[in-house]
Amino acid sequence: MFLYLSKIIPLFFYPLGLASLSLIVALITLRKHPRIATIAISLSLALLLVCSNAWVAKSLVRSLEWQNIPAPQIPNAEAIVVLGGATRSPTWPRVMADLNEAGDRVIYAAQLYFQKKAPIIILSGGRIDWRGSGSPESADMATILTSIGVPAEAIIQEPNSLNTHENAVNVRKILEARQIKKVLLITSAIHTPRSLKIFQRQGMNVIPTPTDFLVSQSELQELTNTPKAAILNLLPDADNLDQFTSALKEYIGTFIYSLRGWL
């Protein structure tokens with residue numbers, strides 16, 4: 001039940017969900033309480049305009065992504081841990097597992113393996129039943145890795161985790177069984193601060209190895225390159241709204257996980 005509620009309830013705190021709720025209030029109160037309806041409509045408009053402009057969205061994303069800037073030289077470790085959330089299952093009409101927007105995690109893991117940064121890759125991720133059928137994310141990632149040359153014997157699958165806390169708990173059991181002391185933790189940069197704290201809470205020695213950065217220094221500089229660019233980036237954009245929502249999701253997740261004592 002916690003898993004289900006943790007996916008549903010936050011939707012109403014994200015900009016799109018909150019704006020939708022405000023518009024519903026406006027529709028209900030429009031005839032008898034026009035003042036309330038006006039406030040609700042204004043709130044919806046303000047939410048969408050503020051949260052979908054590049055200045056706000058990229059600043060919020062940067063506050064998370066730039067907490068763990070990777071070192072110029074990634075150190076060696078005993079294993080590479082890759083968190084799920086990077087694939088789409090091979091269900092019709094897909095003929096094979098696809099990488100999604102966070103697919104850099106899988107490619108980066110392969111690159112570090114080929115650079116001999118660690119001898120094994122641990123893939124952690126299951127598949128939530130009510131989000132569609134398909135193989136566990138760990139199996140999808142393994143299929144992609146073997147297709148680009150990573151040997152199957154170098155891959156360990158952990159197919160039961162349905163959230164980041166379960167990732168950490170289940171990976172810790174694998175590390176203890178194999179007496180592995182130090183690992184590289186690969187996930188999206190925006191997810192790294194929360195996942196790092198969760199893994200450290202489980203007593204693991206993890207080196208954050210983020211990838212899939214949404215905001216770079218050059219992209220921030222583009223905001224102010226010219227007066228026209230500065231104005232253009234104030235305008236609403238769906239990609240900016242998505243980035244703002246992703247960052248807000250991490251902050252909400254950090255708060256909830258803190259309440260449960262997982263951080």
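This is a predicted model: local features need pLDDT of at least 70, side-chain atom pairs count only at pLDDT 80 or more; totals for chains, interfaces and linings use all residues.
Is N240 buried or exposed? N240 sits in helix α11, which covers residues 238-259, and because its relative accessibility is 8%, under the 20% cut-off, N240 counts as buried. If we set aside the neighbours within four places in sequence, the residues in contact with N240 are C51, S52, N53, A54, A57 and K58.

S258 has a relative accessibility of 43%, and so it counts as partly exposed. If you look for E153 in the structure, you will find that its C-alpha lies 37 Å from the C-alpha of S258, while in sequence the two residues are 105 residues apart.

Now for the overall picture. The protein has 263 residues, of which 45% count as buried, and its secondary structure consists of 11 helices and seven strands. When we take the contacts with a separation of 6 or more, 72% of them are between residues 24 or more positions apart.

Next, a pair of helices. Two packed helices are described by the angle between their axes and by the distance between those axes. Here helix α2, residues 15-29, packs against helix α3, residues 34-51, at an angle of about 160°, and the axes are 8 Å apart. Because an angle over 145 degrees counts as roughly antiparallel, α2 is roughly antiparallel to α3. The crossing in which α2 passes α3 is left-handed. On the α2 side the residues that meet α3 are P15, L18, A19, S22, L23, V25, A26 and T29, and on the α3 side they are P34, I36, A37, A40, I41, L43, S44, L47, L48 and C51. Sorted by class, this contact has 15 nonpolar residues, three polar ones and no charged ones.

Charged residues bring me to the salt bridges, of which the structure holds five, and I will go through some of them.

In one of them, the side chain of E101 meets that of R88, with 3.1 Å from N to O. This pair links distant parts of the chain, since R88 is in strand β2, residues 87-88, and E101 is in the loop between β3 (98-99) and α5 (104-114), 13 residues apart. E101 has 62% relative accessibility and therefore counts as exposed, whereas R88, at 30%, is partly exposed.

Another joins the side chains of R127 and D140, at 2.6 Å from N to O. This pair, too, links distant parts of the chain: R127 lies in the loop between β4 (121-124) and α6 (137-147), and D140 lies in helix α6, 13 residues apart. Is D140 buried or exposed? With a relative accessibility of 2%, D140 counts as buried.

The last one I will show is formed by R172 and E176, whose closest N and O atoms are 3.2 Å apart. Both residues belong to helix α7, residues 164-178, and they are four residues apart, which is about one turn of the helix. E176 has a relative accessible area of 52%, so it is exposed.

Technical notes
Residues are numbered from 1 along each chain as its sequence is written. Side-chain values use heavy atoms; hydrogens and water are left out. Axes are lines fitted to C-alpha atoms, for helices over the stretch in contact, and angles run from 0 to 180 degrees between N-to-C directions. Helices (H or I, at least four residues) and strands (E, at least two) are DSSP runs, numbered from the N terminus. Angles under 35 degrees count as roughly parallel, over 145 as roughly antiparallel, 65 to 115 as roughly perpendicular and the rest as oblique. A crossing is left-handed if the near helix is turned anticlockwise from the far one by less than a right angle, and right-handed if clockwise. Contact means heavy atoms within 4.5 Å. Ala, Val, Leu, Ile, Met, Phe, Trp, Tyr, Cys and Pro count as nonpolar, Asp, Glu, Lys and Arg as charged, and the others, Gly among them, as polar. A salt bridge is a side-chain nitrogen of Lys or Arg within 4 Å of a carboxyl oxygen of Asp or Glu. Buried means under 20% relative accessible area, exposed over 50%, partly exposed in between (1.4 Å probe, protein chains only).
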